[in-house]
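The following note sets out numbered remarks on the model shown below. Please read them alongside the sequence and the coordinates.

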Amino acid sequence: MRRVLTALAHYWPVLAVFVGWDLWIVLNGYTTVVAPRPGLVLADIAGNPGAYAGDLLRTLGTSVVGLVLGMAVGVLAAIAVWSSAAVAGVVTPAALVLRSVPVTAMVPIIARVAGYGDSSILVIIVVVSFFPAFVLTLSGLAATPAAGRDLFGVLGANRVRTLLRLHLPHAVPNVVVAFRLTAPSAVLAALLAEYLVGSGGLGHLFSTSRSYLDLERAWGTALLATVVSILTFVLARGVERRVTARFS
């Protein structure tokens with residue numbers, strides 16, 4: 001009994017979401033053609049795990065690869081901007097432009113350039129992922145204590161060694177904050193890209209299920225995507241705590 005009460009104390013918001021979802025459908029008199037009840041959606045997921053597993057793994061794999069590439073591009077761009085004022089004059093405005101344009105507006109252009117399929121999906125995830133890593137890494141590089149810079153100057157360290165031994169370690173906590181912020185966004189970006197230009201993954205499964213009015217499957221896909229996005233945030237927060245404790 002105590003375990004049940006403890007679980008309710010921690011997870012009552014999740015239960016409230018499902019109860020609110022069910023009440024919303026019942027009180028409005030919606031049929032399953034308009035919106036399925038949560039029990040039907042959960043039954044579809046539990047009864048047909050194979051229908052979701054392949055697309056779920058594909059979305060996860062694409063999200064991880066795109067997230068890693070996006071983070072790498074963001075960190076490298078930040079180092080380039082920090083190292084050169086000339087590079088900063090080119091990269092910073094380009095990054096701001098990419099950040100300002102809605103992803104849905106860029107998808108047709110990216111698909112035309114990179115082709116329809118996984119390549120476009122990866123590019124979209126990279127575009128979504130790189131900006132937080134770029135901004136926060138640059139902030140960490142610029143915020144290195146003056147005492148540390150003076151010490152490396154007195155010791156005669158060159159610019160590369162100062163970057164590797166002083167500035168980058170100081171920026172690591174910022175990088176993992178960017179990782180925590182970006183991880184769930186990478187999953188959602190993968191879903192959006194799969195929905196618009198993909199041939200597989202949860203986004204594509206949602207699109208096809210919706211087209212055939214299989215709303216239990218479509219809502220199940222959306223529910224799984226939400227759970228995966230939350231789990232990636234929780235995992236990224238765990239990584240952030242460990243890395244921050246190591247570098248603080």
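1. Helices and strands are DSSP runs, numbered from the N terminus, with helices taken as H or I of at least four residues and strands as E of at least two. The model is predicted, so local features need pLDDT of at least 70 and side-chain atom pairs count only at pLDDT 80 or more, while totals for chains, interfaces and linings use all residues. Residues are numbered from 1 along each chain as its sequence is written, and side-chain values use heavy atoms, with hydrogens and water left out.

2. Overall architecture. The protein contains 10 helices and 0 strands, and its elements read α-α-α-α-α-α-α-α-α-α from the N terminus. The C-alpha trace spans about 75 × 55 × 30 Å along its principal axes. Of the 248 residues, 38% are buried (buried means under 20% relative accessible area, exposed over 50%, and partly exposed in between, with a 1.4 Å probe and protein chains only).

3. An unreviewed UniProt entry assigns "domain: ABC transmembrane type-1" to residues 56-236. UniProt positions are given in the numbering used here, feature names are shortened, and annotations may be inferred rather than shown by experiment. In the model, residues 56-236 are 90% helix and 0% strand, and their end C-alpha atoms lie 19 Å apart.

4. Under "transmembrane region", the unreviewed UniProt entry lists residues 64-89, 96-115, 121-143, 171-197 and 217-236. Residues 64-89 are 96% helix and 0% strand, with end C-alpha atoms 30 Å apart. For residues 171-197 the figures are 100% helix and 0% strand, with 36 Å between the end C-alpha atoms.

5. Helix 6. What span should the 25 residues of helix 6 have at 1.5 Å a residue? The expected span, which is 1.5 Å times one less than the number of residues, is 36 Å for helix 6 (residues 118-142), and the end C-alpha atoms are 36 Å apart, in agreement.

6. Residues related to helix 6. L138 belongs to helix 6 and counts as partly exposed because its relative accessibility is 22%. The C-alpha atoms of L138 and H167 are 9.9 Å apart, with a sequence separation of 29 residues. G66, in helix 3, counts as buried because its relative accessibility is 0%.

7. Largest pocket. Its space amounts to about 360 Å³. On a 1 Å grid over the protein atoms alone, a cavity is a set of points where a 1.4 Å probe fits but cannot get out, and a pocket is an open set with protein on both sides within 12 Å along at least five of seven lines; lining residues have an atom within 4 Å of a point. Grid points are joined across faces, edges and corners, and a volume is the space filled by probe spheres set on the points. The lining comprises 14 residues, with V14, F18, T226, V227 and I230 nearest the centre. Helix 1 (2-28) and helix 10 (215-247) are the elements giving two or more residues to this lining, and helix 10 provides the largest share, 8 residues. By class the lining has 13 nonpolar, 1 polar and no charged residues (Ala, Val, Leu, Ile, Met, Phe, Trp, Tyr, Cys and Pro count as nonpolar, Asp, Glu, Lys and Arg as charged, and the others, Gly among them, as polar).

8. Second largest pocket. This pocket has a volume of about 170 Å³. Its lining consists of 13 residues, and V64, L67, F179, A183 and T232 lie nearest the centre. Helix 3 (49-83), helix 8 (159-197) and helix 10 each supply at least two lining residues, with the largest share, 5 residues, from helix 3. The lining divides into 11 nonpolar, 2 polar and no charged residues.

9. H204 is located in helix 9 and is partly exposed, with a relative accessible area of 26%. L213 sits in the loop between helix 9 (201-211) and helix 10. Its phi is near 55°, a positive value in a residue other than glycine. L213 is exposed, at a relative accessible area of 61%.
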